Amino acid sequence: MAALPEEPAEVVAVKPDPDAGTPPQQPPPPAWGRPRAARPRAGQPTGAESGERCQSGGCFPQTCAPSPLMAAQDAEGFLCVLHLSRGRVSHCAFASSFRLAYKLLLYGNTFAVGGGVVVEDQPDVSAVLSAYNQQGDPTLYEEYYSGLKHFIECSLDCHRAELSQLFYPLFVHMYLELVYNQHESEAKSFFERFHGDQECYYQDDLRVLSSLTKKEHMKGNETMLDFRTSKFVLRISRDSYQLLKRHLQEKQNNQIWNIVQEHLYIDIFDGMPRSKQQIDAMVGSLAGEAKREANKAKVFFGLLKEPEFDVPLDDEDDEGENEEGKPKKKKPKKDSVGSKSKKQDPNAPPQNRIPLPELKDSDKLDKIMNVKEAARRVRLGPDCLPSICFYTFLNAYQGLTAVDITDDSSMIVGGFADSTVRVWSVTPKKLRSVKTAADLSLIDKESDDVLERIMDEKTASELKILYGHSGPVYGTSFSPDRNYLLSCSEDGTVRLWSLQTFTCLVGYKGHNYPVWDTQFSPYGYYFVSGGHDRVARLWATDHYQPLRIFAGHLADVTCTRFHPNSNYIATGSADRTVRLWDVLNGNCVRIFTGHKGPIHSLAFSPNGRFLATGATDGRVLLWDIGHGLMVGELKGHTDTIYALRFSRDGEILASGSMDNTVRLWDAVKAFEDLETDDFTTATGHINLPENSQDLLLGTYMTKSTPVVHLHFTRRNLLLAAGAYSSQ
Amino acid sequence: MAPGGSAHVNAEWEKGMVPFRAFPGWRFHCQSLNLILKKAVWWYVTTILEDAKIYSSHAKKSSVDADDVRLAIQCRTDQSFTSPPPRDFLLDIARQKNQTPLPLIKPYSGPRLPPDRYCLTAPNYRLKSLQKKVSSSAGRITVPRLSVGAVSSRPSTPTLGTPSAQTVSVSTKVGTPVSLTGQRFTVQIPSSQATVKSATPTTPTVQNVLINPSLIGPKNILITTNMVSSQNTSSESNPLKRKHEDDDDYDNL
């Protein structure tokens with residue numbers, strides 16, 4: 001099964017209407033015989049009410065501006081960094097969102113070829129765009145659109161919400177057709193007239209669209225090309241679809257029907273039409289929603305079995321944890337985690353599904369330590385909230401772009417915009433590098449503390465600075481065994497650093513564009529990176545080329561995370577979808593739509609069943625991986641969520657955001673009583689309860705320090721990190 | 001004013017950033033973005049106009065006209081402002097890449113790193129040689145004149161070798177990438193350089209070794225090289241040069 005079956009639409013070469021250029025003497029009679037005055041759509045009140053409705057719908061109020069700023073200006077030849085804004089430039093406080101702003105400024109997906117220079121197309125681009133050839137009289141486009149609008153407004157309530165989904169894709173495609181065929185004035189007036197009717201969560205895209213006024217603008221814009229080639233997916237119930245089809249086919253000029261057939265994919269389901277609220281929860285991505293069969297593949301979301309080994313008791317163990325050992329006779333305590341169930345979990349992947357590195361002795365020691373710490377772990381819950389320890393980076397001058405903390409919370413690394421990577425020791429134990437080769441030959445290799453002796457005390461310091469990148473460092477990740485550190489940067493490389501010598505070992509070059517995020521696999525050896533070139537790559541530390549390429553997103557891949565069983569990778573993207581990829585064969589097994597802004601944080605629950613995602617729209621969405629459904633929506637944050645983390649046993653979900661707060665949510669309650677009856681799983685519709693307030697356990701504010709990273713220690717203490725910004 | 005501006009802005013533009021034409025009405029809410037925007041715009045326009053001037057003078061025209069500007073823009077666009085590959089291309093290479101099964105992981109292989117030439121662990125410094133012994137076999141002696149003035153002390157260890165099983169002095173508990181053998185490093189001498197037979201292996205005569213500044217850590221490591229004739233260095237067994245039993249090449253991945 002390929003990633004997503006993408007067949008480029010048939011190229012229909014239609015001869016341009018020779019009369020297209022000249023305005024007709026007398027406008028042809030309107031197709032629907034009614035006055036074309038724009039009426040406010042019922043169910044979509046304009047003005048102030050839309051602001052409120054949008055708020056309840058969860059989108060950010062600022063995006064409900066009545067007219068995009070660009071539309072009012074003369075857009076002749078001005079394509080600015082706005083194109084880069086998949087966030088909200090007008091709201092963007094540069095200080096607080098350095099990473100986003102850097103992206104805005106430097107990496108857009110379009111550029112202006114000023115002065116009317118026509119760059120020679122590659123043949124595929126022109127083929128792709130030529131399907132926008134003239135198919136009707138440009139001056140009639142407004143008629144067609146308003147006619148459809150009228151029809152939908154007059155339809156029954158239950159159908160109206162579903163049919164309203166058509167407005168946005170139709171609007172965009174019709175506008176692009178006008179632009180492509182160089183009817184600038186018609187395009188402009190078409191835009192002016194109808195852009196205000198669109199949903200508020202599309203306003204950002206519309207702003208970008210408004211500055212696309214010439215054919216040349218479209219050529220370099222990868223996202224526009226992708227939007228055009230991939231069909232926009234709409235899910236409509238059979239009744240509504242029949243209604244629409246009947247209406248469109250009985251009209252004489254079925255221009256809209258042509259567009260629907262060419263550019264939209266209508267996923268028909270049998271059942272009740274969806275309500276506006278249900279639809280609003282799921283739409284928002286650049287490609288519409290996800291087709292039902294895209295989420296039907298089986299996903300092994302269970303955890304891999306931990307190997308059993310004996311946990312030796314030593315004198316430090318409190319007698320409280322040790323039920324069976326008596327002070328005189330110390331029996332080694334069996335690791336109870338692995339031996340819980342002898343039967344194979346049906347949802348867990350086979351152990352050898354993907355090759356994983358075997359456990360070294362040091363890993364076994366680490367696991368033993370983990371078990372010991374787990375025994376002392378605080379059990380969290382609504383009545384027992386974690387303590388939060390916040391690490392503030394001072395004097396970072398808005399340069400902190402990435403943070404990571406080791407699993408045992410001993411080291412913290414910061415990636416900075418000045419291309420340095422700085423490692424600090426969190427514990428009093430300092431960072432030391434290994435001795436020189438000459439000195440190493442002198443030590444006694446058989447001594448018990450040889451691991452201490454190989455360290456050179458003269459190099460001990462709390463901070464180590466790693467130089468090597470030539471651009472801001474956007475992602476960092478420690479390896480589980482704490483020997484290696486990964487960092488990815490705007491220079492397109494991912495670097496592997498040794499934490500024994502604090503030098504750079506490898507530079508992995510594959511992305512030739514900024515790499516926004518990278519992460520080591522929970523078992524080490526593999527790592528994933530995602531970048532501006534819209535793909536995520538899976539690497540192994542001993543291969544200089546990627547092992548897997550996960551292609552399918554329509555815009556930059558901004559966030560990449562491994563599933564706890566290391567068999568799946570979740571990627572969040574600027575096209576507002578989250579995809580789950582299978583490491584074994586590179587297939588996309590899940591597509592989750594619903595966010596209204598680029599996704600910046602992902603977190604898998606420790607049991608592997610659920611995924612939490614956070615985006616610039618300030619909502620945290622919860623997804624059931626097995627069924628492929630959205631199961632929860634947590635509203636409360638007012639700005640981009642850059643950090644999400646589940647507690648060690650999955651009881652609490654912590655989210656940190658640009659609005660300088662850390663919020664704790666009750667994960668246990670959020671995931672209980674899931675409606676997983678057949679109807680829900682078949683159609684993928686779920687009625688989300690409005691229980692964000694009930695699930696919110698606490699809001700903790702920092703003093704103007706946006707939260708960039710969250711980490712639960714092995715004992716369930718919450719560590720948070722961010723850079724103090726004085727604005 | 002030469003398009004010097006701010007070095008920072010220039011460097012970014014060299015990397016191929018978004019070009020745009022200034023729009024007078026646009027303002028960001030934050031000062032620093034405004035400033036960057038203004039600088040970038042000014043730098044872009046200046047670059048284009050300078051290029052156009054060059055083109056027009058090459059065409060022996062008296063003044064710069066629109067065609068020159070258009071040509072300048074086009075050249076700049078082709079060279080600097082590239083965009084990521086199109087989606088179908090990405091899907092294609094993804095399909096190709098994802099067909100090969102995941103490679104098995106060799107057990108007990110120490111630090112799992114790519115072959116040496118894909119790593120950044122090789123020495124790239126060269127010290128000025130102190131001894132000028134003439135080798136009988138070599139025809140010409142070119143004593144490298146490259147002196148690393150900045151480094152007064154000895155360079156740090158560059159070669160990281162996977163110690164073979166018998167030379168590992170520390171148990172495999174520690175997965176350190178640094179060779180722990182106390183032997184002298186034997187540095188491969190490229191055959192283009194002349195060699196000097198060193199009579200005294202103990203003196204730190206280093207030759208033809210390049211410096212990698214990023215590897216100069218706080219502690220510098222002595223490198224002693226045994227001078228060997230360079231003619232057949234390819235098969236020189238360097239116990240510290242990490243070898244992969246299989247091919248060094250992953251080109252046919």
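These legends describe close-up views of a predicted model. Local features need pLDDT of at least 70 and side-chain atom pairs count only at pLDDT 80 or more, while totals for chains, interfaces and linings use all residues. Residues are numbered from 1 along each chain as its sequence is written, chains are lettered from A in the order in which they are written, and side-chain values use heavy atoms, with hydrogens and water left out.

**View 1. Helix 7 of chain A, residues 167–180.** Helices here are DSSP runs of H or I with at least four residues, and strands are runs of E with at least two, both numbered from the N terminus. Helix 7 of chain A has 14 residues, and at 1.5 Å a residue these should span 20 Å. The expected span is 1.5 Å times one less than the number of residues. The end C-alpha atoms lie 20 Å apart, which agrees. Of its 14 residues, 14 are buried (under 20% relative accessible area with a 1.4 Å probe, protein chains only; exposed is over 50%, partly exposed in between). After the helix comes A:Gln182, with a positive phi near 65°.

**View 2. Helix 7 of chain A against helix 9 of chain A.** Helix 9 covers residues 203–210. The two helices pack at about 5°, with axes 12 Å apart. Axes are lines fitted to C-alpha atoms over the stretch in contact, and angles run from 0 to 180 degrees between N-to-C directions. The pair is therefore roughly parallel (angles under 35 degrees). Helix 7 contributes A:Tyr168, A:Phe171, A:Val172, A:Tyr175 and A:Leu176 to the contact (heavy atoms within 4.5 Å). Helix 9 contributes A:Asp205, A:Leu206, A:Leu209 and A:Ser210.

**View 3. The largest nonpolar core.** Such a core is a set of buried Ala, Val, Leu, Ile, Met, Phe, Trp, Tyr and Cys residues joined through side-chain atoms within 4.5 Å. This one has 48 residues. Those with the most contacts inside it are A:Phe171, A:Leu176, A:Phe190, A:Leu209 and A:Val260. Helix 7 of chain A gives the most to this core, 11 residues. A second, separate core of 23 residues includes A:Ala281, A:Leu580, A:Val589 and A:Phe592.

**View 4. A:Gly572 in strand 19 of chain A.** The strand runs over residues 568–573. A:Gly572 counts as buried because its relative accessibility is 0%.

**View 5. B:Asp68 in helix 3 of chain B.** This helix spans residues 66–79. B:Asp68 is buried, at 4% relative accessibility. Beyond neighbours within four places in sequence, its contacts are B:Ala52, B:Tyr55, B:Ser56, B:Lys61 and B:Ser63.

Technical notes: Parallel < 35°, antiparallel > 145°, perpendicular 65-115°, else oblique.
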